[in-house]
Amino acid sequence: MIVIRSAGELVTLREANQIVARILHELAEDIRPGISTEMLDVKAERLIAKANGKPAFKGYRGYPKTICVSINEQVVHGIPSPDVIVKEGDIVSIDIGVIYKGYVGDTAATFPVGQVSDEKKRLIEVTREALYAGIRQARTGNRLSDISHAVQSHVEKEGFSVVRDFVGHGIGQKMHEEPQIPNFGRPHLGPRLEAGMVLAIEPMVNAGSYEVRVLADGWTVVTKDGRPSAHFEHSVTVTEGEAEILSLLEVGERRIPV
Ligand code: MF3
Ligand code: CO
Ligand code: CO
């Protein structure tokens, strides 16, 4: 069952997602050569506490940290560590989740560090575009796989591949709710989208093959071929028109795209 959220619930989901949107932007400012991923995690945990939230990831299936930081060939679920130091030329994906007043916010983005290769630049751009292509399909009347198909089409048109083993998801009182949202598939299949559904759409895009494996730490997902990967995620509400991107940072009247 896909839950339809009331206007009141959407207010809280908006608040939860604005918290993670704001903190993601604050973390992005700190990404520079020499910083450890542990320092980013510590800052995230402090800012979440200050916002009266709780980290959604810490303790989730035993995950030990507040954020996931995945660098270069790491796809998702990189565990922050004092031993992992960001360097010039890296691409750094940060995923952050919060529980606020019983509702979950979840967003992610990939950032370049200094000068990065043209391939990495294009990978980031295409992954962001694929997310927005998916979001454009999140409207009443469409079916779930219209999102999946739009993401895959954009990525493959640009010569990259979408990860199969991890998917987007419904989100609300739990981080992972129904439905699962693959980033690939035929269009016009699956449940019809309805106003009030809240979806976390999150393409993971590889420069090379889509195949991934999990490192011995039990969490870090890397590309099998060692080529780079990027990840963007927004939590959105389906409406009759354009989806509302709950995790798009709002500063006064301005909405700031990642
Ligand atoms: N936030 C991730 C997602 O987008 C899930 C992180 S798993 C955790 O679905 F264990 F790190 F929490
Ligand atoms: Co996430
Ligand atoms: Co998610």
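Visitor: Which strand is V104 found in?

Guide: V104 sits in strand β5. Keep in mind that this is a predicted model.

Visitor: Is V104 buried or exposed?

Guide: Buried, with a relative accessible area of 1%.

Visitor: And how far apart are V104 and E15 in space?

Guide: Their C-alpha atoms are 9.3 Å apart, although 89 residues separate V104 and E15 in sequence.

Visitor: OK, on to the metals. Which residues coordinate the cobalt ion (ligand 3)?

Guide: The donors are D106 (OD), H169 (NE2), E202 (OE) and E233 (OE), at 1.9 to 2.2 Å. Along the sequence, these donor residues are spaced D-x62-H-x32-E-x30-E.

Visitor: What do D106 and H169 tie together?

Guide: D106 lies in strand β5 (residues 103-112) and H169 in strand β7 (residues 168-170), so the pair links parts that are 63 residues apart in sequence.

Visitor: Are those two buried or exposed?

Guide: D106 is buried at 2% relative accessible area. H169 counts as buried too, at 4% relative accessibility.

Visitor: What's the geometry at that cobalt ion (ligand 3)?

Guide: Irregular: the angles among its 6 donor atoms run from 52 to 174°.

Visitor: Which residue bridges the cobalt ion (ligand 2) and the cobalt ion (ligand 3)?

Guide: D106 bridges them, and the two ions lie 3.2 Å apart.

Visitor: Where do D95 and D106 lie?

Guide: D95 is in strand β4 (residues 91-100) and D106 in strand β5, so this pair ties together parts that are 11 residues apart in sequence. Both D95 and D106 are buried.

Visitor: Switching topic: what's the volume of the largest pocket?

Guide: About 520 Å³. It is lined by 24 residues, and the closest to its centre are Y60, H77, F166, V167 and H176.

Visitor: Which elements give two or more residues to that lining?

Guide: β7 and β8 (177-181). The largest share comes from β8, with 3 residues.

Visitor: How do the lining residues divide into nonpolar, polar and charged?

Guide: There are 11 nonpolar, 6 polar and 7 charged residues in the lining of the largest pocket.

Visitor: Last stop, helix α4. How many of its residues are buried?

Guide: 10 of its 14 residues are buried, so α4 is largely enclosed by the rest of the structure.

Visitor: Which ones are they?

Guide: The buried residues of α4 are L144, S145, D146, I147, S148, A150, V151, Q152, H154 and V155.

Visitor: How far apart are the end C-alpha atoms of α4?

Guide: They are 21 Å apart in α4 (residues 144-157). At 1.5 Å a residue, its 14 residues should span 20 Å, which agrees.

Technical notes. Residues numbered from 1 in each chain as written. Chains lettered and ligands numbered in written order. Predicted model: local features only at pLDDT ≥ 70, side-chain atom pairs only at ≥ 80, totals over all residues. Heavy atoms only, no water. Donors = N, O, S within 2.8 Å, 3.2 Å for Na, K, Ca; no water. Tetrahedral: all angles 85-135°; square planar, octahedral: opposite > 155°, others 65-115°. Helix = DSSP H or I, 4+ residues; strand = E, 2+ residues; numbered from the N terminus. Buried < 20%, exposed > 50% of the residue type's maximum accessible area, 1.4 Å probe, protein only. 1 Å grid on protein atoms, 1.4 Å probe; cavity = no way out; pocket = protein on both sides within 12 Å on 5 of 7 lines; lining within 4 Å. Points joined across faces, edges and corners; volume = space filled by probe spheres on them. Nonpolar A, V, L, I, M, F, W, Y, C, P; charged D, E, K, R; others polar. Expected span 1.5 Å × (residues − 1).
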